[in-house]
Amino acid sequence: MASHTYDAIVVGAGSVGVPSAYYLAARGLRTLVIERRAAVGQGDNKAAIGGVRATHSDVAKILLCLRTLEVVRTWKEEHGDEIGWKPGGYCFPVYSDALRDKLCGLLPLQRQHGLVNDWVDPKSVDELVPGILPEGLLGGTYSPGDGQVSPLLLPVVLMRHAIRMGAELRVNERVTGYLIESGAIKGVVTDKGSYHAPRVVLATGSDAAEHGRLLGIPIPVAPDSHEAGITAPVEHFIRPLVVDMRPGPEGKTANFYFGQNHEGQIIFCYTPKELFVGDNRHSLSEFLPIVAARIISLVPRLRHLLVRRVWRGCYPMTPDGVPILDNPRAVEGLTLAVGMCGQGFMLGIGVGQEVASFAVDGRPLLPPDVAKAVRFNDADWSSGQTEALK
């Protein structure tokens, strides 16, 4: 069995692991990425619909996603690679006073931290989403700086650049254990060899709790399943990614969202009212009839679109819906970048920058008061809480 030494090892080559490797390599660290699948981005990353927005209510997410957007907006211009960036923003159409008040109430916080997001009138919403249901439309919020990126292209491009900067990638290799001495990480063991490094980054998405057991620390991440789909391409006419926050009349959907990607395809997903806890990735027969009815009710002109395929992926959820991004006290040299709660793709680049700062500078880039919100306090999780997440 082979044995190798690195400055840092990243476990997981998905939405968070690949950007982490990119920024670690950019800071001059000899970095190894280990992925159990056959290629980068082949886990739940490829189940993402590609939306990247900073329109959040949580300051940490706003700042991390603004950093992601700053990179993806200019990537092709600066590096020459196609990553499927489509500007156009996010639009939240509003049909009730309660939702209007809620979204408008967030605008001061979002603007305070650099996000451009405004209330627009019904005419403006119709211009953004031609043919949207006019009855009862009060207007909506629109954040023009948000957009969409291809989840199939971005991880491949980032990994290619990381390798050019000296990173190594090992695929089809499963981590089976971690090397820990005197409370400090020393490396990892896989089914093909052992690798040594004073810094290990855990970025394994829905598998985080399993790796926590290998590490001997409880990591409160549990997956639940979400489904999405995509149509055949049509002429571009929808600029933003659209989020309809109304609960579905069928009683099964909390909200749904859709947009038109850079190739003209309509990509869509919904949030179920009752979560499908677990890692079942088989598509459900109920998904397409429900989401199709919702889309057609909001934008009737979409009723004749041809759906090409549907798929299902997992959100790695934490108990409070807040990502875990920190160096836990229990294992020196270990960085956790897990529990992104279904937003790992849009958070990934910002999180990767944080990971590199942890590794090289020993501190986060986020302001201290904001960083506290995503810190993992390993003393706070009781064994009972952890058992409930298994």
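Two strands are said to pair if DSSP finds at least two bridges between them. Keep that idea at hand, because strands of a sheet pair through backbone hydrogen bonds, either parallel or antiparallel. What you see above is a predicted model, in which local features need pLDDT of at least 70 and side-chain atom pairs count only at pLDDT 80 or more, while totals for chains, interfaces and linings use all residues. Residues are numbered from 1 along each chain as its sequence is written, and side-chain values use heavy atoms, with hydrogens and water left out.

**The chain as a whole**

- The chain has ten helices and 22 strands; helices (H or I, at least four residues) and strands (E, at least two) are DSSP runs, numbered from the N terminus.
- With a radius of gyration of 21 Å, close to the 21 Å that the globule rule gives for 390 residues, the chain is as compact as a globular protein of that length. This radius is taken over C-alpha atoms, and the globule rule is 2.2 Å times the number of residues to the power 0.38.
- Along its principal axes, the C-alpha trace spans about 65 × 50 × 45 Å.
- Of the 390 residues in the chain, 55% are buried. Buried means under 20% relative accessible area, exposed means over 50%, and partly exposed lies in between (1.4 Å probe, protein chains only).
- The chain exposes about 16,200 Å², and carbon and sulfur atoms supply 53% of it. Such areas come from the Shrake-Rupley method with a 1.4 Å probe, and for residues only the protein chains shown count as cover.
- Take the contacts (heavy atoms within 4.5 Å) between residues at least 6 apart in sequence: 72% of them join residues at least 24 apart.
- The chain carries 39 positive and 41 negative charges, and their mean positions are 2 Å apart. Here Lys and Arg count as positive and Asp and Glu as negative, while His and the chain ends are not counted. Each charge is placed at NZ of Lys, CZ of Arg, CG of Asp or CD of Glu.

**Strand S15, a covered strand**

- Is S15 (residues 222–231) mostly covered or mostly uncovered? It is mostly covered, with ten of its ten residues buried.
- Ala222, Asp224, His226, Ala228 and Ile230 point one way from S15, and Pro223, Ser225, Glu227, Gly229 and Thr231 point the other way; all are buried.
- S15 pairs with strand S20 (residues 307–317) in the antiparallel sense over ten bridges, and His226 stands opposite Gly313 there.
- Strand S18 (residues 266–272) also pairs with S15 in the antiparallel sense, over three bridges; in S18, Cys269 stands opposite Ala228.
- Two bridges link S15 to strand S19 (residues 276–277), again in the antiparallel sense, and Phe276 of S19 is the bridge partner of Ser225.

**A three-stranded open sheet**

- Three strands in the order S4-S9-S5 form an open sheet with antiparallel pairing.
- Strand S4 (51–52) and strand S5 (86–87) stand at the edges with a single partner strand each, so one side of each is left without a neighbour in the sheet.
- S4 and strand S9 (residues 147–148) run antiparallel and are joined by two bridges; Val52 stands opposite Gly147 in S9.

**Two buried residues in helices**

- Ala60 sits in helix H2 (residues 59–79) and counts as buried at 2% relative accessibility.
- Not counting residues up to four places away in sequence, Ala60 touches Leu366, Val370 and Val374.
- Ala60 and Pro319 are 259 residues apart in sequence, and their C-alpha atoms are 17 Å apart in space.
- Arg294 belongs to helix H7 (residues 287–298) and is buried, with a relative accessible area of 4%.
- Leaving aside neighbours within four places in sequence, Arg294 has contacts that include Asp244, Arg246, Glu250 and Phe256.

**Two loop residues with positive phi**

- Most residues other than glycine have a negative phi, and most peptide bonds are trans.
- Ser182 has a positive phi of about 55° although it is not a glycine. Ser182 lies in the loop between strand S11 (175–181) and strand S12 (184–190), and it is exposed, with a relative accessible area of 81%.
- Cys341, also not a glycine, has a positive phi near 55°. Cys341 lies in the loop between strand S22 (334–338) and helix H8 (344–361), and it counts as buried at 9% relative accessibility.
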